[in-house]
Amino acid sequence: MAMDAKQIEAKAKDLGKAATSNEPSAVILGLLKDIQTGVRPTEDLLRKTRIGILVNKFKSSKTPEIARLSSEIVSKWRTEVNKQKQGGGSAANRGSSDSPRPVQNGTGASTPATATPSDKASKLSVPPDKRTWKADKVEVNHSGSKVRDSCTGLMYDGLCMGSTEPPKTVLARAIAVEVAAYEHLGPETKEAYKTKIRSLFQNLKNKSNPKLRVSVVSGEITADQFVRMTSDELKSVEQREADAKLRKENMDKAMVPQQERSISQSLQCGKCGQRKVTYTEAQTRSADEPMTLFCTCTNCGKSWRQ
């Protein structure tokens, strides 16, 4: 059940008291979970109760579970408020901030049958091959971190390439992938997180592997699965078969006996002066001309031909 402003303020007070009195992590996690399920965020409600500011402070907690949960809550609230802004203004124009009513594209109770969605993110505004998060005019700022939001934009650009799915669908998947990467490899300051995001983007934009993009957007491959896939698993079936064929060819070549090289005491290395030189002969010119010698000094490694 959604909490009203007074109930939220009471929870905020309890949360602040738990933090200052060094209550066990379990107590803080319990309060955060109550807030996560009980708060239906609107811009007016968050401003009035200041609950967002308080929860945001816990993102820097030394307890990983608290930091992760508070980050999820803030990200979710930011996304919801941005959706409300795109859908036609703040909740103050649609009802009381003490008992916020669901917006047209939000969660909760359904909107009236006569309502017409005004969410810009529900329609394509550019051709599929020209899509980017900027061209689709979507809001990728969901985490409060410039690095993470930038990575969300990168994921969006990879997922929307050639896609006809609505921007809001692609955005939801892009955010889910970034959150999964953050939880698995974060925080965003770690090189492993950044490297993984770049790798996923490179694989998504590979024109020879369109099925990967479709599978991630449709949910056939979940965000968590996508983030944990190896470089080989990210390749298309055709690419894996081509790589296997190339490895076999290289293996076969490696097993072919190499041409035996003769050793000459009459040839002298021009670099070290030693007469420990191996050579092979090959006809590189006309048949009536002498053979070409390919020489290698076994002492210093210098190679030449004569």
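Is Arg-50 buried or exposed? Arg-50 is exposed, with a relative accessible area of 53%; here buried means under 20% relative accessible area, exposed over 50%, and partly exposed in between, with a 1.4 Å probe and protein chains only. The tour returns to this residue below.

**Before starting**

This is a predicted model, in which local features need pLDDT of at least 70 and side-chain atom pairs count only at pLDDT 80 or more, while totals for chains, interfaces and linings use all residues. Residues are numbered from 1 along each chain as its sequence is written, and side-chain values use heavy atoms, with hydrogens and water left out.

**The whole chain**

Display the protein chain as a cartoon. Its secondary structure comes to twelve helices and four strands; these are DSSP runs, helices being H or I of at least four residues and strands E of at least two, numbered from the N terminus. Of the 306 residues in the chain, 35% are buried. Contact means heavy atoms within 4.5 Å. Among contacts with a separation of 6 or more, 54% are between residues 24 or more positions apart.

**Helices α2 and α5**

Select residues 25-38 for α2 and residues 64-86 for α5. The two axes come within 10 Å and cross at roughly 15 degrees. Axes are lines fitted to C-alpha atoms, for helices over the stretch in contact, and angles run from 0 to 180 degrees between N-to-C directions.

Next, show the side chains at the contact. From α2 it includes Ile-28, Leu-29 and Leu-32, and from α5 it includes Ile-66, Leu-69 and Trp-77. By class, this contact has eight nonpolar, two polar and four charged residues. Ala, Val, Leu, Ile, Met, Phe, Trp, Tyr, Cys and Pro count as nonpolar, Asp, Glu, Lys and Arg as charged, and the others, Gly among them, as polar.

**The nonpolar cores**

Select Met-155, Val-177, Leu-212 and Phe-226, which have the most contacts inside the largest nonpolar core, a set of 28 residues. A nonpolar core is a set of buried Ala, Val, Leu, Ile, Met, Phe, Trp, Tyr and Cys residues joined through side-chain atoms within 4.5 Å. Two or more residues come from each of α6 (146-160), α7 (167-185), α8 (191-204), α9 (210-218) and α10 (223-228). Helix α7 gives the largest share, seven residues.

Centre the view on Phe-226. Leaving aside neighbours within four places in sequence, Phe-226 is in contact with residues including Val-177, Leu-200, Leu-212 and Leu-234. Another core, of 24 residues, lies apart from the largest one, and Ala-18, Leu-29, Val-39 and Ile-66 are among its members.

**Backbone details in the loops**

Most residues other than glycine have a negative phi, and most peptide bonds are trans. Return to Arg-50, in the loop between α3 (43-49) and α4 (51-57). Its phi is near 60 degrees, a positive value in a residue other than glycine. Then select Lys-137, in the loop between α5 and α6. Phi of Lys-137 is also positive, near 60 degrees, and Lys-137 is exposed at 62% relative accessibility.

Move to Pro-187, in the loop between α7 and α8. The peptide bond from Gly-186 to Pro-187 is cis, with omega near 10 degrees.

**Last stop**

Select Ile-53, in helix α4. Ile-53 is partly exposed, with a relative accessible area of 42%.
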